[in-house]
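Here's a quick briefing on one protein model. Have a look at the structure first, then we'll walk through it by topic.

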Amino acid sequence: MPGRLARCAATAVLLPLLAAGSPAAGTADGARAGAGSLQTSFAEAARRYGVPESVLLGVAYLESRWDAHGGAPSVAGGYGPMHLTDLRTATGEDGGRGTQTVQRAARLTGIPAARLRADPGANVRGGAALLADHGRRLGAERSDGAAGWHAAVAAYAEAPDAATARRFADEVYAVLRAGVRRTTDSGETVTLPAAARANTAAAPALTAAVPAAHRAAPAQAECPRALACEWVPAPYEEYEGKDGKPDYGNHDKARRPHDQRIRYIVVHDTEGGYDGSVQAVQDPEFVSWHYTLRSSDGHVAQHVRTRDVAWHAGNWQVNAQSIGLEHEARLTDPDAWFTEAMYRSSARLVRYLAHEYDVPLNRQHVIGHDNVPAPDPEHGPDMHTDPGPYWDWAHYFDLLGAPLEPAAHADGRVVTIRPDYASHRPEYTACTDDTAAACPPHGSGAVRLRTSPAPDAPLVRDPGLHGDAPSSTGVNDTGARASTGQQFAVAGRRGDWTAIWYLGRKAWFHNPASAPTAIADDGATLTPRPGAGPVQVHGLALPEASAYPEGVEPKEPRPLPYRLRPGQRYVVGDTMPGEYFHAPGLTDETGAASRVIRGRTLWHQIQVGHRIGYVKAADVTVARPRSGRQSNV
């Protein structure tokens, strides 16, 4: 429905996790816990408790990527590299036995609960003891090697259903087969060598250990087989509006991709808990999206069929041409929410959707809600900013199997933003109600843009977001920001600084050779046609008025407050005809009454700033990539 601007669900309700099994008698291990490096801690804990070291490393990687997060808990109340849970300490709530694994680990090891939460080495020992306890109950022996521990790994997940537990274990074993080497948030490098023989079959007895009420529902969701998904439908029904007139919600029936191509997959975060978000999407008077992903274990719920149009992006064209994924998270607290399990589930789902609907795996088509353009000038300040500067786009694209790498024959005309996420830590503010307070230092995939090549130069201004006011370092201020994977045409270089064309002007970012924040790339670029003058940028690529049939009022394109001037260049992300999805109201389930109005006007999608935009093809000329790389133009 064009008049509705989507917002992300924001009701925080934590889902209780279920315990699997009971703890064994404790052992006195507290005296030696936490000694040495993290790699050594894994080796010693594996030896002491009789678990394969590779499995212990793999479980910890999926739980935390081996990060300790400075002792801060996750949204599920999990602490440390092994994600030992203590929901009572983290939130004051009691979510069930599975939310208190710190206490079980304390009984098994003799290490005080406070130390298990705060000391990474002790935390690893506690996780090893829990994994060993699951192994004893399920008949696993260290001599079995990694292949014999699949059921114990699934039990360690403390998942609410068998399918999610099995998927967790499958992801751990995928890590074991691939291997990984990573520098943690404490600066330590941890290595898990690849093990091609880390194959296993899931344990048939696992389902019996999960209460019937929490087992996976029959498969109705559109998901890859390897993913634990459920179907929780959003309503499609009529209700009485605030003015007393009939209204309907909360999505539209369509026939995609038969009548309209799906071009985008939009990454959102919920700004609240999973349960509250899933409850909200079942309200006909609320907005909608296609999938919700749970932070603690990556579980997926689908709400709207992919053929149908959900109301999630705040831009009617993007709604009509996209699939929306909501991730349980708050963008200002990435360590608590952006879990490896959720990243991996999301990547599996996006790979599946991209294959089904021929969506290119690049940042012109896999976009954040913060990259969606305003539909008109008035709505620029209202556009959402999730998933924010702490979402790890580089890691996400690695998981998608589309790593962000330099072009083989780059000519220096285009760069792809690509700072090292862990070490790149620009200062952000306003993570709390105190808008002037600095956010805790954290890795980020975004670079800051300035008016000249100097660290004290003013930030570039975004007239669509701020009018005449300056941009800021606020975590939700996208006005002077370029994010990992986004491509821009180079406008100049000076010393350690690179300039790009951005919002109609030069914008400079720090890009030293010793710690580069961008990679050389190639791609089609466009510039205003000679004699055309400044080119208008739009937030909607609409058909011309003559394309609308009788009875459908033409939508008048309204340019955004950005202009492309002669000599400036912008990277082309796609080329498309002007389209408008017309939904006449509540229809039958087939969507036959809806229609796609398609014109003759061609548009180019560009990376105009932090958000994408559209320009008329007739107003510009396009230079093809010199490398021969495939282009969407």
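Let's start inside: strand E13 (residues 322–327) is largely enclosed by the rest of the structure, because six of its six residues are buried. Buried here means under 20% relative accessible area with a 1.4 Å probe, counting protein chains only. Strands (E, at least two residues) and helices (H or I, at least four) are DSSP runs numbered from the N terminus.

Some ground rules before going on. This is a predicted model, where local features need pLDDT of at least 70, side-chain atom pairs count only at pLDDT 80 or more, and totals for chains, interfaces and linings use all residues. Residues are numbered from 1 along each chain as its sequence is written, and side-chain values use heavy atoms, with hydrogens and water left out.

**Strand E13 and its partners**
- Ser-322, Gly-324 and Glu-326 point one way from E13, while Ile-323, Leu-325 and His-327 point the other way, and all are buried.
- E13 runs parallel to strand E9 (residues 264–269), joined by six bridges; strands count as paired if DSSP finds at least two bridges between them.
- In that pairing, His-268 sits opposite Glu-326.
- Strand E10 (residues 291–293) also pairs with E13 in the parallel sense, over three bridges, and Tyr-291 stands opposite Leu-325.

**Thr-101**
- Thr-101 belongs to helix H4 (residues 101–109) and is buried, at 6% relative accessible area.
- Its side chain reaches the backbone nitrogen of Thr-85 at 2.7 Å.
- Leaving aside residues up to four places away in sequence, Thr-101 touches His-83, Leu-84, Thr-85, Leu-130 and Glu-158, where contact means heavy atoms within 4.5 Å.

**The largest pocket**
- The largest pocket has a volume of about 690 Å³.
- A pocket is an open set of points on a 1 Å grid over the protein atoms alone, where a 1.4 Å probe fits, with protein on both sides within 12 Å along at least five of seven lines; lining residues have an atom within 4 Å of a point.
- Of the 38 lining residues, Asp-67, His-69, Pro-334, Asp-335 and His-442 are the closest to the centre of this pocket.
- Helix H11 gives the largest share of the lining, three residues.

**Whole protein**
- The protein has 14 helices and 28 strands.
- Of its 633 residues, 58% count as buried.
- Among contacts between residues at least 6 apart in sequence, 70% join residues at least 24 apart.

Definitions and conventions
Buried means under 20% relative accessible area, exposed over 50%, partly exposed in between (1.4 Å probe, protein chains only). A polar contact is a pair of N or O atoms within 3.5 Å; within protein, one must be able to donate a hydrogen and the other to accept it, and residues adjacent in sequence count only if both atoms are side-chain atoms. Grid points are joined across faces, edges and corners, and a volume is the space filled by probe spheres set on the points.
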